[in-house]
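The stops below follow one another, each with something to select.

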Amino acid sequence: MIIRKTEGIRASEITPRAAYLSRRALIGAAAGLPFAGILPRGAAGAPLAAEKSELSTNEAPTPREHVTSYNNYYEFGTGKGDPSENAHTLATKPWTVKVDGLVARPADYALEDFIKPFALEERVYRHRCVEGWSMVIPWLGFSLAEVLGRAEPLGNAKFVAFETVVRPTEMPGQRGLFQPLDWPYVEGLRLDEAMHPLTTLAVGLYGETLPSQNGAPLRLVVPWKYGFKGIKSIVRVKLLEQAPPSTWNLQNPNEYGFYSNVNPDVDHPRWSQKTERRIGEGGLLAKRRPTLPFNGYADQVASLYAGMDLRRYF
């Protein structure tokens, strides 16, 4: 830190006392209530304090209004704008997360106890959806590996399963005679994928509490995989010996594989995956860009799949 002598500081450079005290109070409040999910319902958008992670990309983030209004979250509707219209009905306090299965220390945590031990980071990740659109999102969260380490996986644990909340009274997409998916939404990772430093449990974005349409109060972010692997509103993390079911693989296994790594050489049966459209860069007429293997994270994660046929294990 460089400290200048007071006689070298101009009066115009001195922060007003009121502004300093206001900022100090804000930081103190953020430290006392560090994550989105422990705030009362309606507090979405509260500022959060975090250090920027070295894992972040240097790409410019997608404007916030696109990230919070263009979503896939079928529990609130199948249209891209439905979650931002409907997700305000989800109550995120109180919230409980169960960690169980093949672990030495299973537990049911109130959300504030679940996240309390972990330092919050801003992780700016590229995000690619199977439909061909992409974003760059500044998530706030921490490594899933920290949670799993606290649970102490047993030697026969090979996979991690995730489950989202089921609340038809608060999630309009979960009620009615004709459901687009079976509930609860479930997902899974291989244990080495889950333990990778890039794999994140997110509780916020853009320096603020995670909005409900983006998966409040707790969601998974795996930046080298297609977006549907990022299960939202998590209530259970379970370690298993065998691969768990995943919702879209159950829905249509010919289109959605368990691994779901971003691979431009494996097309979706109904569209090419070779290019993508970055949301916020000109709409439907925006110039498409080449899709990068593993969404640009190949240097970090390709070794996880050494020797695997990535056309078969897609």
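**Stop 1: aromatic pairs**

Select F76: it is buried, with a relative accessible area of 1%. Buried here means under 20% relative accessible area, with exposed over 50% and partly exposed in between, using a 1.4 Å probe and protein chains only. This is a predicted model, where local features need pLDDT of at least 70, side-chain atom pairs count only at pLDDT 80 or more, and totals for chains, interfaces and linings use all residues. Residues are numbered from 1 along each chain as its sequence is written, and side-chain values use heavy atoms, with hydrogens and water left out.

Now search for rings. The whole structure holds 13 aromatic pairs. Rings of Phe, Tyr and Trp (its six-membered ring) pair if their centres lie within 6.5 Å; planes under 30 degrees apart count as stacked, over 60 as edge-to-face and the rest as tilted.

Next, select F118 and F142. Here the centres are 4.9 Å apart and the planes are at 25°, so the pair is stacked. Helices (H or I, at least four residues) and strands (E, at least two) are DSSP runs, numbered from the N terminus. F118 counts as buried at 9% relative accessibility, and F142 counts as buried at 1%.

For a group of rings, select F159, F258, Y259, F294, Y305 and Y313. Ring pairs link these residues into a cluster.

**Stop 2: charges over rings**

Select R126 and Y297. The charged end of R126 sits over the Y297 ring, 4.5 Å from its centre. That label requires NZ of Lys or CZ of Arg within 6 Å of the ring centre and within 35 degrees of the ring normal. Then move to R150, whose charged end sits over the ring of Y109, 4.3 Å from its centre.

**Stop 3: the largest pocket**

What is the volume of the largest pocket? It is about 490 Å³. Select N72, Y73, E131, F228 and K232, the closest to its centre of the 31 lining residues. On a 1 Å grid over the protein atoms alone, a pocket is an open set of points with protein on both sides within 12 Å along at least five of seven lines; a cavity is a set where a 1.4 Å probe fits but cannot get out; lining residues have an atom within 4 Å of a point. Grid points are joined across faces, edges and corners, and a volume is the space filled by probe spheres set on the points.

Strand β5 (residues 133-143) gives the largest share of the pocket lining, four residues.

**Stop 4: the cavity**

One cavity of 30 Å³ or more is found. The largest cavity has a volume of about 60 Å³. Two elements, β4 (121-128) and β10 (219-221), each give two or more residues to its lining. Select some of the lining residues, including R126, H127, R219 and Y226.

**Stop 5: T68**

Finish at T68, in the loop between α2 (64-67) and α3 (82-86). T68 is buried, with a relative accessible area of 9%. Show its contacts (heavy atoms within 4.5 Å). Not counting residues up to four places away in sequence, T68 touches S84, L205, P211, Q213 and N214.
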